[in-house]
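Biologist: I'm new to this one. Can you walk me through it?

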Amino acid sequence: MVDYSKWNHIEVSDDEDDTHPNIDTPSLFRWRHQARVDKMDKMESERATMDAKLNANREAMKDLDKKMAGAEDTKKKELKSKKTELKKQKEKLEKEDATLKKEERLTPWNVDTLSQPGFEKSVINKTAEPEPEPDTEDKWVNSYSDFVKKHSKEMQQFAMFSRHDDSERFLKDHNYLVCDNGANYLSIWCVDLCVEEKRSLMERVSRQVIVLQYMLQLAKSLNTDPRGTIGPFYAKFKVADKEYAAAYEDEVKSFIERVEGRAQARLEAAMEEHEREERQKRLGPGGLDPVEVFESLPKVLQECFESKDIGALQGAMSALPKEEAAYHLKRCIDSGMWVPGPSTGEGEAAEAAAAGGEEEEEEKYEELD
C-alpha cells in the first residue's frame, strides 16, 4: 500500500483556515507567510554556516596531514595534538549537522517549498547562418593567412586523431575549425608531407581532410553553417552504414592519389626551377650556356676541350671551314669556354684559329676550366 502519511502536515494554503470575524484575514495570512519565510531564511543561513564549518574542518585536516608527512618527530607530537582537537570538532559538527538535517526533514511543506522550477530559461534552437565567403582573391588570401596564424596548431592536433569519438569531441569544442580554410590547410599539409616522403602521416591527415570536406558538403546541401553538421556527420558513422563507410574510404583513396600527383608536380617544378638557377649561374659573358655550347661542338673540338690541349684545339679549328670555325669560336667565347688574350679581339681570334694557329697566337688565348 501507498503511505500517504507524509502528506498529513503540509501547509498548502493560507486561506483554508477559518478565522474569527473580528480578525483581519488578509493581514493574518500575510503575517503567517512572512513568519514562514523568515523561518526558512534562518534555516538556510544555518545550513550555509554548517556547510562552511564542515568544509573548513576538512581543509584543516588535509593541511595538517601534509604538514605531518614532512615534519620532524618533535613537531609531530604538537601536530597530532591539533589533529585530535580537529577530530573532536568534526564529531561535534557532525552531530549538529544531523540535528539540522532532522529539523529540515520534519519541516512541513508549504506553497513556497512544495514545488521547484524545472527550468529557469527557455532555449529555442535556431539554424546557424553560414559565414559569408570572401568575394575576392585578395580577401581569400588574407582570410586564409589569418586562419593559419591563429589555428594551425589546433588543426594539426585535430589531424592526429584516429578515433572518430576523439575527433567529434575536439571539433565540438573547436567548431570554428570546420570551414574551407581548415580543409585547405590540411590539404596543403598533406602535399608537404608527401614531398617530404612522410607517407604514413600523410595518409592519417588525409582521412581528416575528407571528414571536413564531408561536413562542408553536407552544410552546402542543407544551406546551413558547417559547424552545425558535426553531430549529424559522426552520428551517421556510428550507425555503421556500410555504403557510407565505403564511400568515405573511396574518397580517402582518391584524395591520396591526387595528393601524390600534386606532390610529384611540385617536385618537378622545383627541379626545373633549380636547373634554371644553375643555368643562369653558368651563363658566359655573351649570355650562352657553356654546357649547351659544348654539346653543340663537333666531336673533335669536344675532345680538345676535355683534354685541355690548346695546340690541338687550334689545329682542329684550322681544319674547319673558316665560317664554321668562326661560328664555333664565337660561341665558345660568349659562353666563357674560350677567353681571348687581352690584346686579341674576337675577330682576330677567329681569323687566327682559321688560318692555322701560328705559334705566336698561342699566347693570346687562355682556356677557362
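**Two helices crossing**

Modeller: Start where H6 passes H7: the crossing is right-handed. This is a predicted model, by the way.

Biologist: At what angle do H6 and H7 pack, and how far apart are their axes?

Modeller: The angle is about 115°. The axes are 10 Å apart. H6 covers residues 199-222, and H7 covers residues 230-238.

Biologist: Which residues make the contact?

Modeller: From H6, they are Val-211, Tyr-214, Met-215 and Leu-218. From H7, they are Ile-230, Pro-232, Phe-233 and Tyr-234.

Biologist: How many of the residues in the contact of H6 with H7 are nonpolar, polar or charged?

Modeller: Eight are nonpolar. None is polar, and none is charged.

Biologist: Now the loops. Where is Asn-223?

Modeller: Asn-223 sits in the loop between H6 and H7. Its phi is positive, near 55°, and the residue is not a glycine.

Biologist: Is Asn-223 buried or exposed?

Modeller: Exposed, because its relative accessible area is 62% and the cut-off for exposed is over 50%.

Biologist: What about Glu-197? Which loop is that in?

Modeller: Glu-197 is in the loop between helix H5, residues 180-195, and H6. Glu-197 is another non-glycine residue with a positive phi, about 65°. Glu-197 is exposed too, with a relative accessible area of 72%.

Biologist: Let's change topic. How many helices and strands does the protein chain have?

Modeller: The protein chain has 13 helices and two strands.

Biologist: And what share of the residues counts as buried?

Modeller: 29% of the 369 residues. The accessible surface of the chain is about 25600 Å². Carbon and sulfur atoms hold 51% of that surface.

Biologist: What follows H10?

Modeller: Lys-308 does. Its phi is positive, near 55°.

Biologist: And in H11, which residues are buried?

Modeller: Leu-313, Gln-314, Ala-316 and Met-317. H11 spans residues 310-319.

Biologist: One more residue. Where is His-151?

Modeller: His-151 is in helix H3, residues 137-159.

Biologist: Is His-151 buried or exposed?

Modeller: Buried, because its relative accessibility is 17% and the limit for buried is under 20%.

Biologist: What is His-151 in contact with, leaving aside neighbours within four places in sequence?

Modeller: Tyr-176 and Leu-177.

Biologist: How far apart are His-151 and His-174?

Modeller: They are 23 residues apart in sequence. In space they are 9.8 Å apart, C-alpha to C-alpha.

Notes:
Residues numbered from 1 in each chain as written. Predicted model: local features only at pLDDT ≥ 70, side-chain atom pairs only at ≥ 80, totals over all residues. Heavy atoms only, no water. Helix = DSSP H or I, 4+ residues; strand = E, 2+ residues; numbered from the N terminus. Buried < 20%, exposed > 50% of the residue type's maximum accessible area, 1.4 Å probe, protein only. Areas by Shrake-Rupley, 256 points an atom, 1.4 Å probe, with all protein chains shown as cover. Axes fitted to C-alpha atoms, helices over the stretch in contact; angles between N-to-C directions. Left-handed = near helix turned anticlockwise from the far one by under 90°. Contact = heavy atoms within 4.5 Å. Nonpolar A, V, L, I, M, F, W, Y, C, P; charged D, E, K, R; others polar.
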